[in-house]
Each structure stands twice: as structure tokens, then as C-alpha cells.
Amino acid sequence: MNSSKTSDDELNAIQNINKIIHEPARLLLMAHLFVVESADFLFLQRQTGLTWGNISSHLRKLENAGYVAVEKEFIDKKPHTTLKLTDKGRKAFKEYRKSMKQVFEDLPE
Amino acid sequence: MNQKINLKEIERKAYTSYHQDGVIDITIAFVIFIFSVIMLGDIYWLGSIGGISGFLSLLLYAGAKKFLTVPRIGYVKFPQQRAQRITAVAVALGVLSFVAGTVALIQTMAQGTPDWLVLLIENYMLTIGTAVAALFMLAGYAFKTKRIYAYALMTLVMFVAGHFIYFPLYYYLTALGSVILACGLFLMIRFVRKYPKVTETVDA
């Protein structure tokens, strides 16, 4: 009975992992945006090694989830897009870290 | 725990890649050369407006970052804690210099040049070397850049040697500036090769 409850808890923990963040490319983008205040496409591309298209499509998903805020402005008459994690995104990322840590800590050696 | 380490590594990589362009080294070398020229040309009146060299170096730094670094590596804004740390270091330095200067002035006016000031002036190579090395240490701490600590060590070694082997001060300053400039140029060339300028603009 006890063992069954534990395995249910473990399953719940795994099922509760945020699937939007869990995708490797999005996780990489979230992690990079988590450690800075804001950055642009080029910086994320240089740091992650992802392509423009990849970054664009994953950021759209993160933006739709409300995790990333996209700010567009003109610098020297050129369009410039700045990206930053929203409060919701920061909270979700912290929770994701916590739940992943919990999942792996609960796994047997 | 592993994740914590990785995030720190990501942050470290993001920050150091932004300062691997050699701009800070070239700016430091520029300031050292200005002081060297002031001493070489005996144009000490320039020293009294030393703020100009600080202003010019800020212009050089900001301009190089804008036209060289950002078009190649992208725009990033780091958390405010870093900027606050740099500001705190700058303010602490300013206050320390002001207090030391004021104390020296008051003591000199009241009872002639105090012994401690005479000692510092007599051993000016050690005094300047220690002061410049301390500045480098603070800059290394503020910018989290290890090579600036190496510059501090190099400065200390060079100026301690200069205490025993006499050459005019500007020789040492020029040598120090040249080494730092060479490092900066090496880093800049490597940076420009590693990160070619991107003309493509993308909107999300």
C-alpha cells in the first residue's frame, strides 16, 4: 500500500513537469534568459548555438505561454527585438528546476 | 545541485564572452598611455584635468562596445547587481581618494608634510605600483575578469623592480600599457574572427 502510494507520487511528479520548458531547446533559451535581465536574438544565438528559425519558433511558444516578453524598438533606425523572462516565466523556471531536482533525487541509485 | 552549477556556468559564459573582446584592456592601456604621455612631455597641467582622460576612456569603451561588440555578439543586459557592484567600487574608490587627499592636505597645511606622506613620496614606485595594482584588483572583481588580476600582479612586480632599478616612471607605464594593449589587441582580433558581424535582423 505504502509502496504503491510512493510510486503514484513519483508518477505525479514526472507528469507535473512543465512540458513547455522541458523541450531541450526551450530549456536552453529559458536558462539563458534566466541568468540575464534581457537579451536579443543574436546574443541567444551566439550563446546557445541554435539557428534563427529554431530560436524564433521556440520563443514564440514561450511567448504564447506567457514566459517570455518580446519588446520591439528601433535603435539607430533599425528594428531591434529584446527578449526577457516574465515574472510568470521566472516562477515557472524555478518550479521546473525544483520538480526536476525532486524527480532525480527520488530515483534509486 | 548539478542544475545550479550549470546555471552558474551559463551566467559565467554569458558574462565572460561579453568581455572577451579586448575592449576593457585597450581602454586601460589608453588611460595608462595618457599618464605616460603627461609625464614624458612634462605636461602636468593635463594631469590637473585628469578627468578628461576618464571621460575619453569612457567614450572609447562605450563606443567600442556599441560598434564592435554588440553587432557581433548581440545585446544583453545583465542583472542590476553587477552594475551596482561596479558603482559601489567606483564610489568607494572616489571616497577613499577624497578622504586620503583631504587628510594629507589638512595635515600638510597644519604641521608641514606629514611623515607618512614623505614615506609614500620617497617610495613613490611602491606607492604608485600598489595603488595601480589595487585598482586592477577592484576592476577584476567588478568585471569578474581573471586576466585583470594578472595585470595587477604584473604591475606590482614591475613597480617593485622599478623601486630598485631606476628608470623614469613613464618607462614603466609605457611598458605596462604596451603589454596590456598587446593583450587587448590579441583578444580583439580573436573576438572579431570568432564572431563575424551579423547583418541579418530577425523579428520574433
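1. Let's start with B:V99, which sits in helix α5 of chain B; helices here are DSSP runs of H or I with at least four residues, strands are runs of E with at least two, and both are numbered from the N terminus. This is a predicted model, where local features need pLDDT of at least 70, side-chain atom pairs count only at pLDDT 80 or more, and totals for chains, interfaces and linings use all residues. Residues are numbered from 1 along each chain as its sequence is written, chains are lettered from A and ligands numbered from 1 in the order written, and side-chain values use heavy atoms, without hydrogens and water.

2. B:V99 belongs to a nonpolar surface patch of about 630 Å², together with B:V91, B:V95, B:F98, B:V103, B:W116 and B:L120. Two elements of chain B, α5 (80–111) and α6 (115–122), each give two or more residues to this patch. The top contributor is α5(B), with five residues. Patch residues have over 30% relative accessible area and no salt bridge, and nonpolar side chains (Val, Leu, Ile, Met, Phe, Trp, Tyr) are joined within 5 Å, like charges within 9 Å; a salt bridge is a side-chain nitrogen of Lys or Arg within 4 Å of a carboxyl oxygen of Asp or Glu.

3. Turning to chain A, you will find six helices and three strands, in the order α-α-α-β-α-α-β-β-α along the sequence.

4. Of the 109 residues in chain A, 42% are buried. Chain A exposes about 6500 Å², with 53% supplied by carbon and sulfur atoms (Shrake-Rupley method, 1.4 Å probe; for residues, only the protein chains shown count as cover).

Methods:
Buried < 20%, exposed > 50% of the residue type's maximum accessible area, 1.4 Å probe, protein only.
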